[in-house]
There are 2 protein chains.
Amino acid sequence: MTRPAWVVPFTEGDESMRELMGGKGAGLAGMTKAGFPVPPGFTITTEVSRAYFDADRLFPEGLWDEVATAISGVEQIAGKGFGELADPLLFSVRSGAAISMPGMMDTILNLGLNDDTVEGLAKLTGDPEFAWDAYIRFVQMFGEVVFGVPADRLRAVADRAKRDEGAPFDLDLCKTIIARLKDIVFGHAHAQVPDEPKGQLRLAVAAVFDSWTNRRAVDYRRLNGIPDDVGTAVSVQAMVFGNAGQDSGTGVAFTRNPTTGEPNLYGEFLLNAQGEDVVAGRHDPEPIAALQKKMPDVFAELAEIARRLELHHRDMQDLEFTVEHGRLWMLQTRRGKRSGRAAIRIAVDMVEEEVISREEAVMRVTAERLEELLHPVVMAGPDDELVAEGLPASPGGATGIVVFDADEAVELAENGAAVVLVRHETSPDDFHGMVAARAIITTKGGVTSHAAVVARGMGKCGVVGVSAIEVDYADQLFRAGDRIISKGEWVTVDGNTGQIFAGQVETVEPELDNYYDTLMAWADEFRTLGVRANADNPQDATTARRLGAEGIGLCRTEHMFFGDERIEAMREMIMAPNAITRADALAKIEPFQTADFEAIFTVMDGKPVTIRLLDPPLHEFLPRRDETVERITDLKLRLGHAKSLDKINRLLEEINEKETILTQIERLAEANPMLGHRGCRVGIAYPEVTEMQVRAVFTAAVRCSERGIIVKPEVMIPLVAFSTEYTQQEGIVREVAEEVLRYHGISVDYLVGTMIELPRAALRAGDIAKRAEFFSFGTNDLTQSTAGLSRDDSGRFLPGYVQRGLIDRDPFQSLDQTGVGELVRIGVDRGRETRPELKIGVCGEHGGDPDSIAFFQNAGLDYVSCSPYRVPVARLAAAHAELADR
Amino acid sequence: MTRPAWVVPFTEGDESMRELMGGKGAGLAGMTKAGFPVPPGFTITTEVSRAYFDADRLFPEGLWDEVATAISGVEQIAGKGFGELADPLLFSVRSGAAISMPGMMDTILNLGLNDDTVEGLAKLTGDPEFAWDAYIRFVQMFGEVVFGVPADRLRAVADRAKRDEGAPFDLDLCKTIIARLKDIVFGHAHAQVPDEPKGQLRLAVAAVFDSWTNRRAVDYRRLNGIPDDVGTAVSVQAMVFGNAGQDSGTGVAFTRNPTTGEPNLYGEFLLNAQGEDVVAGRHDPEPIAALQKKMPDVFAELAEIARRLELHHRDMQDLEFTVEHGRLWMLQTRRGKRSGRAAIRIAVDMVEEEVISREEAVMRVTAERLEELLHPVVMAGPDDELVAEGLPASPGGATGIVVFDADEAVELAENGAAVVLVRHETSPDDFHGMVAARAIITTKGGVTSHAAVVARGMGKCGVVGVSAIEVDYADQLFRAGDRIISKGEWVTVDGNTGQIFAGQVETVEPELDNYYDTLMAWADEFRTLGVRANADNPQDATTARRLGAEGIGLCRTEHMFFGDERIEAMREMIMAPNAITRADALAKIEPFQTADFEAIFTVMDGKPVTIRLLDPPLHEFLPRRDETVERITDLKLRLGHAKSLDKINRLLEEINEKETILTQIERLAEANPMLGHRGCRVGIAYPEVTEMQVRAVFTAAVRCSERGIIVKPEVMIPLVAFSTEYTQQEGIVREVAEEVLRYHGISVDYLVGTMIELPRAALRAGDIAKRAEFFSFGTNDLTQSTAGLSRDDSGRFLPGYVQRGLIDRDPFQSLDQTGVGELVRIGVDRGRETRPELKIGVCGEHGGDPDSIAFFQNAGLDYVSCSPYRVPVARLAAAHAELADR
């Protein structure tokens with residue numbers, strides 16, 4: 001067995017070698033191969049990082065020989081020598097995993113400089129200021145990245161080297177600063193910054209590898225589902241200098257607009273600067289148009305390279321480039337991150353440009369990107385208080401309470417608060433806080449700053465460079481002119497306009513454009529899985545239809561009981577001493593239910609509507625125990641002060657009534673309501689409830705039919721554990737349905753089926769399907785019961801589980817495919833064995849989760865049902881699942 | 001296909017035909033075939049009852065032709081004619097299902113009498129009094145059984161025919177009574193008692209069939225797991241008269257004592273009476289010895305028949321016989337019901353008599369019977385108040401509150417009360433109340449009365465014939481001399497002595513005799529399934545060993561935290577703001593835990609002890625919320641009245657402290673604690689807890705080892721849903737265990753394993769077994785999660801489910817084999833696939849349930865673990881399971 005290469009020169013690799021060379025290395029090799037201007041270099045492969053970790057952080061044997069050979073190759077191309085005094089070759093050292101992880105890993109520039117080579121560089125370039133500046137930057141970065149010295153301490157020293165415009169260069173000051181920086185590093189790490197360039201390289205490579213296990217890198221992998229063991233490559237590339245003078249500069253560019261998708265080069269350029277200055281948002285760059293004005297030839301070359309790269313990669317690219325003394329160097333090309341809107345437009349445009357197929361276009365737009373389009377839009381009016389404006393870095397709108405610290409953002413979010421993270425600028429150390437926040441605001445940086453890139457990557461609303469506001473970390477507030485907003489106050493962030501408002505401003509759904517319509521039409525054409533929505537009222541049903549739902553997969557009837565008059569009748573029903581008074585109370589609710597169903601059927605004309613019979617335990621409809629006790633205490637207190645007999649009598653009457661309610665509350669209280677007297681168990685104990693609901697469904701169906709509306713009710717019996725429960729309730733459903741239809745002489749096609757939401761139901765699906773015409777997997781409850789996790793309570797420890805790596809993802813967000821998923825498969829297989837035509841769907845939250853949808857497609861489900869706003873995501877994910885299957 | 005026979009004459013059937021002829025019919029046919037004196041007759045088969053119910057209560061075609069033929073056969077043998085005036089043949093009509101259901105079905109005697117035949121009978125016997133008495137009885141029974149006339153109304157009329165000793169026979173009175181009885185029947189049912197004997201027979205047979213669907217019959221089948229569709233047969237047999245004079249009589253006899261098992265004829269005899277008088281306990285019979293004295297020849301014949309029947313059936317028999325004018329007639333033989341003690345002694349004796357094999361002996365003693373031996377024995381002292389004494393009808397001892405009505409007994413028992421049902425006498429209508437009661441007391445009847453038979457059948461403590469007490473249903477109390485005990489007062493019933501005590505008298509376990517030891521030794525020899533006990537303290541462990549446990553399968557450690565000092569330290573631990581103060585609090589608990597484990601290991605010397613790490617959620621260790629709120633309110637009230645500054649300060653301090661606790665209570669409160677932060681989830685959040693417990697286990701193990709005690713700890717990690725949880729906790733367990741053992745330089749064999757108590761764990765058993773050395777199925781929790789049933793809450797509706805036939809049995813009592821059972825099988829199969837030597841047990845309540853044990857044996861488990869007092873039952877059930885497998 002031949003060992004895979006430890007080192008691959010750019011001249012020998014290509015784009016197909018992503019896994020071995022990482023995205024960055026493979027991209028550079030590809031560009032080199034294609035003849036683009038790329039500074040020479042080589043990649044230390046991901047194999048090395050795996051070997052490094054396997055051997056407890058020891059480099060594998062033979063690595064440094066291969067590195068030496070590769071360096072010679074670069075020296076030949078560049079005509080310089082690594083560590084050579086006269087014409088020193090300098091390197092940049094960067095990480096690059098197979099899957100792009102922007103900003104997550106550390107970079108060292110100017111490697112190879114020391115007290116000797118800096119002199120050579122100064123002499124060679126005739127620019128000692130530039131040379132020493134580079135040296136200072138190197139020591140500073142090396143100290144930070146390799147030895148973990150806090151950046152602020154080093155920067156404070158380095159900043160002293162910056163001179164006022166026109167002040168003379170001071171060599172001694174530079175030497176002092178270098179010495180001081182090295183002292184700080186030694187003091188902090190008890191280790192020297194090596195002078196020997198190869199020693200520098202060894203430590204730098206080790207530092208890149210080590211940064212793989214950084215919290216921020218681990219968090220990013222966790223969030224993006226990247227396995228820990230893919231490892232990272234290290235690209236070592238000859239330095240070119242964007243800060244070599246006014247004929248130099250650095251920039252980043254997208255081949256198309258990453259926010260809108262418009263097909264124009266989009267990006268930023270900074271004269272006389274190194275790339276890190278742009279990415280970190282430390283200087284405010286100019287739009288890419290500045291380059292066109294200042295260096296038209298370079299711009300033209302860049303535009304042509306961009307065009308060719310896009311054609312070559314068949315996708316929008318994210319480029320990094322440097323201009324050194326008027327010569328363009330490409331430092332990176334990679335698939336450009338983009339907003340949902342841009343993703344869709346680019347995909348549709350590229351189909352029209354005949355670059356990609358429609359299938360590819362659909363596959364290209366991830367469900368997460370699409371979802372961004374569905375985020376609410378801030379609807380600010382003249383009365384809303386505009387606090388400040390910045391750059392609209394990531395689309396969407398969000399409201400939350402202000403917080404200034406990432407840890408605090410996490411803490412508050414874990415307690416259920418909506419938070420908006422406000423920072424001067426963000427760094428990878430803030431990553432977990434950005435994950436937790438609803439929106440991100442920074443006062444510095446541009447649309448390619450860390451904050452902007454990360455926010456877009458997460459599809460999270462973000463506004464950057466809001467220079468009008470001044471953050472005061474110490475007092476935990478920010479000022480915008482005279483206006484002061486403190487921690488905990490509400491703000492609304494508009495990621496589409498860059499505006500920031502005080503308070504909670506109304507938000508609405510965005511209009512979806514033609515690009516969206518085109519793409520979704522393609523998706524619908526490809527997908528085989530049906531998509532329905534969970535909707536309990538006509539408004540939600542309308543939204544669902546508008547967003548493309550093909551029916552209602554879950555209409556929860558209990559929400560219908562919560563209106564004022566209804567809840568009263570419901571309580572009467574619960575307090576009823578016998579079936580007759582219970583039926584009387586139910587009779588009061590029935591007209592409301594009938595009207596509700598009629599309205600929903602009307603909206604869903606021609607589409608199936610799955611109606612779940614009453615599911616929650618009855619005690620949910622009673623007042624809260626605490627409230628009732630308090631009320632009784634209060635009444636008794638008032639009784640003590642009451643003077644008139646009339647008043648006393650009235651108080652006594654109310655006390656008596658409340659005490660009766662309290663008795664019932666206590667009688668119905670349950671230790672574990674989730675596993676208690678709910679679902680079909682209520683209908684079995686009180687068949688009048690089932691009867692009333694079914695009568696309402698079919699009376700509504702009859703009325704709609706009479707109005708020419710096509711009604712397809714599907715009556716769903718909840719929480720079945722034993723097939724006998726189903727049979728008992730189904731008997732009532734069919735009996736009442738037939739009675740109503742016979743009475744009106746109208747025939748309506750309807751189905752009777754059940755939720756599969758308990759492990760036992762999945763296991764006994766074969767029995768249940770003997771009579772059930774459809775199954776709908778209630779994966780929320782199925783997850784609760786299968787893994788023994790209460791959704792209401794597990795929030796306390798599940799996030800910790802994800803953090804510790806005990807589980808990959810919260811099983812309530814994305815289906816636990818190996819546990820709950822097996823029960824779904826069992827349920828499907830056994831159900832269909834009994835009844836091959838059994839209609840099967842899912843109506844848990846997972847119905848809107850792309851990974852789960854792929855699973856459901858695979859398991860053979862007929863449809864998924866999700867919340868109305870997730871319907872487009874589900875449609876797209878279903879198309880992906882089908883296309884992935886092909 | 002030939003249709004099975006509708007009718008089988010006794011002369012043509014035999015004992016092998018139980019299913020077709022019912023137990024009674026097959027027994028009579030068998031005795032007829034063996035040449036015993038049996039009045040001739042025939043059986044209408046169970047096929048007829050099935051056909052009858054299938055055809056909506058219509059008799060199948062051809063039945064009555066076959067009956068007519070059978071009647072002719074009987075007429076020939078008896079030399080009498082059915083409906084013949086001169087020498088009328090009379091029939092008894094009785095039910096008889098394949099499985100004996102004593103007292104559950106109705107009987108009609110003297111069928112064939114009418115205004116004409118009664119005269120013939122009077123003339124033929126020369127005893128008009130006897131003839132008219134028979135006629136009155138017939139009309140009375142017919143009215144009651146066929147037409148459902150309340151028994152009391154008819155009996156009141158019939159009783160008027162009873163004359164004072166020596167008063168002359170009054171024919172007119174008899175005629176008046178007959179007319180009156182017929183009037184009452186007609187008034188009640190608007191139907192005539194037919195005069196035509198065949199018409200009587202048709203209605204009687206229909207009534208027997210109809211009684212199959214009586215509530216009492218349905219209840220009995222439910223309790224005994226008899227399917228509804230086996231149906232009943234009807235035996236029609238020529239009447240013989242035990243009430244034909246002083247040379248006649250009737251009796252019942254067991255071939256051995258059904259309470260003690262002593263090998264002597266045991267029973268009762270009543271001179272000049274019909275069998276129903278004895279069974280209903282309406283007359284007090286004499287012991288069987290009376291027959292020996294009064295009719296020595298008949299007794300000798302009976303004894304010989306008994307001996308032969310027992311040898312023939314190879315089991316103790318329950319006989320019914322009648323003596324008519326000095327001639328013995330056998331009316332029934334069937335397997336005799338017996339107490340647990342008797343069952344064991346009879347089985348062991350019969351092995352010694354070489355009648356049955358040891359395997360058969362073990363199979364003969366059901367687990368339910370054995371369990372009776374393990375019932376508590378009442379330990380009355382001189383201070384206990386003896387209220388009355390009766391016949392010890394069914395062994396055991398029980399305490400409960402007095403109730404006088406079966407329905408009320410059910411109601412109170414459903415609310416968790418222990419009740420003792422007190423009745424004059426019981427009838428099948430009281431059956432459901434007897435099921436619900438802990439003990440049964442009757443003031444009338446003997447040891448073969450309905451109350452006694454049923455109590456023994458259910459293994460329930462019963463005292464009958466307590467003539468010293470007088471029940472007053474109207475005032476809901478009973479009097480014993482001056483002592484009055486009202487409904488709701490406590491009594492203690494001693495079924496071994498027949499004594500009844502006021503209040504709650506101490507009870508203890510019985511001594512187990514040599515017969516028990518012999519049988520259990522055989523059972524242990526046969527069984528392959530291990531039996532352990534669930535024991536949390538040295539006392540339980542001692543009991544467990546005494547009763548034959550081979551180890552502890554579940555030692556719950558949380559109970560150890562509830563001592564006074566411990567709970568305080570536990571609360572300190574829960575309130576601790578950080579890991580260090582938490583560890584401090586735990587350090588206080590550790591010595592207690594260590595001492596507990598040491599004591600248990602000492603008792604279990606040489607046997608494995610499975611220790612489950614902390615399982616309940618932490619909030620269970622905090623005070624109740626209500627109590628704390630109340631306490632705070634109270635303190636604040638006192639603060640208002642406090643005068644001294646010192647006092648105020650002290651109150652404020654306590655208020656502060658309680659409020660801190662309240663905050664923590666509210667923080668830890670859970671919506672569904674069963675699915676909440678418990679089990680290994682606690683150990684993962686607070687590894688200090690796991691560490692402390694493991695240190696205590698191994699420190700105790702070391703101390704025991706040093707004392708020469710052999711320790712086999714098995715550390716069990718609870719509530720694993722994900723294999724990663726197991727791995728994380730197992731890491732801590734092994735690390736701490738090794739540390740302790742290394743420190744002491746002692747080696748201890750130990751295992752680390754897990755509970756399988758969630759569906760996900762069963763499904764992922766293959767992963768978990770990669771590291772787990774043993775599994776223990778926690779079938780309580782597995783039932784809760786699989787069927788979505790909270791054990792604490794489902795008591796409200798599960799009994800209704802059983803009643804409605806939605807489920808056969810409460811799944812917490814007997815394993816739900818098709819649902820939970822499948823997960824057990826999956827867990828076993830997948831676990832063993834990964835680790836063939838995986839040790840697997842069960843430690844839920846089901847570990848002591850015989851049916852469940854058979855399932856576990858079949859599923860391939862290594863052992864079951866149950867509560868100490870159920871260990872013998874489990875040992876026996878395990879032997880049964882193995883023998884059934886052979």
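By what turn and what shift along the axis can chain A be laid on chain B? A turn of 180° and a shift of 0.0 Å along the axis do it, with an RMSD of 0.2 Å; the superposition is by least squares on the C-alpha atoms of residues with pLDDT of at least 70 in both copies. The two copies are thus related as by a two-fold rotation axis. In chain A, the residue closest to that axis is A:Asn672, with its C-alpha at 2.1 Å. The copies meet through the same surface, because 100% of the interface residues of chain A are also interface residues in chain B.

Some ground rules. This is a predicted model, where local features need pLDDT of at least 70 and side-chain atom pairs count only at pLDDT 80 or more, while totals for chains, interfaces and linings use all residues. Residues are numbered from 1 along each chain as its sequence is written, chains are lettered from A and ligands numbered from 1 in the order in which they are written, and side-chain values use heavy atoms, with hydrogens and water left out.

Now the sheets. Helices (H or I, at least four residues) and strands (E, at least two) are DSSP runs numbered from the N terminus, and two strands pair if DSSP finds at least two bridges between them.

| Pair | Sense | Bridges |
|---|---|---|
| E2 (41–44) and E7 (232–238), chain A | antiparallel | four |
| E20(B) and E21 (477–480), chain B | antiparallel | four |

In chain A, five strands make an open antiparallel sheet in the order E1-E2-E7-E5-E6. E1 (7–9) and E6 (107–111) of chain A are at the edges with a single partner strand each, so one side of each has no neighbour in the sheet. Neighbouring strands here are turned by 20° on average, direction ignored.

Chain B has an open antiparallel sheet of three strands, E20-E21-E22. Its edge strands, E20 (469–472) and E22 (483–486) of chain B, each pair on one side only. B:Asp472 stands opposite B:Leu477 in E21(B).

Finally, a helix pair: the axes of H20 (538–546) and H22 (579–603) of chain B come within 9 Å and cross at roughly 10°. That makes H20(B) roughly parallel to H22(B), a label for angles under 35 degrees. B:Pro538, B:Ala541, B:Thr542 and B:Arg545 of H20(B) meet B:Ala599, B:Ile600 and B:Val603 of H22(B).

Conventions. Axes are lines fitted to C-alpha atoms, for helices over the stretch in contact, and angles run from 0 to 180 degrees between N-to-C directions. Angles under 35 degrees count as roughly parallel, over 145 as roughly antiparallel, 65 to 115 as roughly perpendicular and the rest as oblique. Contact means heavy atoms within 4.5 Å.
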